[in-house]
Amino acid sequence: MEKKILVTKTSLPDYEIFIEKIKPLWESRWITNMGTYHQELEKKLMKFMDVSNISLMVNGHMALELAIQAMNFPDNSEVITTPFTFISTTHAIIRNHLKPVFCDIKLEDYTIDEEKIESLITEKTVAIIPVHVYGNICNIERIQQIAKKHNLKVIYDAAHAFGESYKGISVGKFGNASIFSFHATKVFNTIEGGAVTCENVELYEKLYNLKNFGIRGEEQIVGVGSNAKMNEFSAIMGLCNLEQLKGNIEARKRVTEYYKKELYDMKELIIPQFDDKNTSYNYAYFPVLFEREQVRNQVYKKLKDKNIFARKYFYPLTSDADCFNGKYKDFNLKNAHKAASTILVLPLYPELELDDVKRICKTIRESVQNS
Ligand SMILES: *Cc1c(COP(=O)(O)O)cnc(C)c1O
């Protein structure tokens, strides 16, 4: 059997470096509760992301759930979002007792179709939660305009966009808040982890209470909160991985360029261009769109037969998840359905060898020709 290639491979620091870095924890026995390393990582990330506030969380999902909760929306309010995302985005809205209102996406970059947002706004709408899918930055200017006009909050699901900027502005600065995931499968990981960035310090303070039971002192509980703080082992993993981030993104870019070179002339395929001059990409994913679902499925299977595990990411749409029993089937989501049924995310990670990329592309080409 040929070498197994998964869609991603977790970035880890050198073993010795990590072990050396965690040694002080045995001395201090302070392994969580906003310790030294939690604070150090917050400071480093604030600088790296050029944001005024960052709150480190136990994972990206809780970052999103608590960012929404911190806005204190009335129950059953409506939130405009997209279904072409990881299920976390939709679940975070529903778990906050809010109603997701699904907006279609654009097939050029899979982000929310900003021109369709206004027709979905009602008197119950309180927020927009767009997703920078695959690290493609949403039309933040237009979304801001709409939000301002209708007095809505904007929370970006920026789980895919860590390390990026748009027109020289860090991705963490847009909207009322942005959330990031530092899960093992993401561009930058803290094993499990996540963060909320926001320019408003009051929001940061609210998030602090929400992530640590509202505890502000030994005898001081100022609010009802959850437990979602990042622990010290994770923070140290983050500090180590941050050192490697630049090199990792460069390596991802090399793999991406190679994919583009190998696949550019395939007619049945639309490949991502990464050519928006305003965006500095992190090259997190390489999603290809096929003309037909049947071809996508065939390529997926053929790759699998060769021990190459691409992902139908995102399929199904979150609005079509079994748990919703067809509740959201009346939304007009033509492009989102098209993308979900024809997309395939190819393996991409810093250490992916160019020979393997070649093998992946050859398999795709053969499979498409036989379709
Ligand atoms: C990964 C991801 C999340 C959730 O992050 P976790 O760290 O896994 O909890 C949310 N939204 C999107 C788009 C993601 O890809």
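This is a predicted model: local features need pLDDT of at least 70, side-chain atom pairs count only at pLDDT 80 or more; totals for chains, interfaces and linings use all residues.

I then found a polar backbone atom of His 61 at 2.8 Å from an oxygen atom of the ligand. For His 160 I noted a polar side-chain atom, which lies 2.8 Å from an oxygen atom of the ligand. The protein covers 94% of the 380 Å² of accessible area that the ligand has on its own, with areas taken from the Shrake-Rupley method and a 1.4 Å probe, and for residues only the protein chains shown count as cover.

Residues are numbered from 1 along each chain as its sequence is written, and side-chain values use heavy atoms, with hydrogens and water left out.

Which residues come nearest to the ligand? Of the 15 residues around the ligand, they are Gly 60, His 61, Asp 157, Ser 181 and Lys 186, where a residue is near if one of its heavy atoms lies within 4 Å. By class I listed three nonpolar, 10 polar and two charged residues in this shell; Asp, Glu, Lys and Arg count as charged, Ala, Val, Leu, Ile, Met, Phe, Trp, Tyr, Cys and Pro as nonpolar, and the others, Gly among them, as polar. Helix H3 (60-69) and helix H4 (87-95) each supply at least two residues of the shell, with helices (H or I, at least four residues) and strands (E, at least two) being DSSP runs numbered from the N terminus.

Phe 314 is in the loop between helix H8 (293-305) and helix H9 (334-342). Tyr 315 and Pro 316 are also joined by a cis peptide bond, with omega about -5°, and Pro 316 has its place in the loop between H8 and H9.

Asn 72, a residue other than glycine, has a positive phi near 55° and is found in the loop between H3 and strand E2 (78-81). Is Asn 72 buried or exposed? I noted it as exposed, with a relative accessible area of 56%, where buried means under 20%, exposed over 50%, and partly exposed in between (1.4 Å probe, protein chains only). Asn 151, not a glycine, has a positive phi of about 55°; it lies in the loop between helix H5 (140-150) and strand E5 (153-157) and is exposed at 70% relative accessible area.

Ile 22, in helix H1 (residues 15-28), counts as buried at 9% relative accessibility. Its C-alpha atom is 8.9 Å from that of Met 237, 215 residues apart in sequence. Leu 245 is in helix H7 (residues 232-263) and is buried, with a relative accessible area of 3%; the C-alpha atoms of Leu 245 and Val 187, 58 residues apart along the chain, are separated by 7.9 Å. Val 154 is in strand E5 and counts as buried at 0% relative accessibility.

Key:
A polar contact is a pair of N or O atoms within 3.5 Å; within protein, one must be able to donate a hydrogen and the other to accept it, and residues adjacent in sequence count only if both atoms are side-chain atoms.
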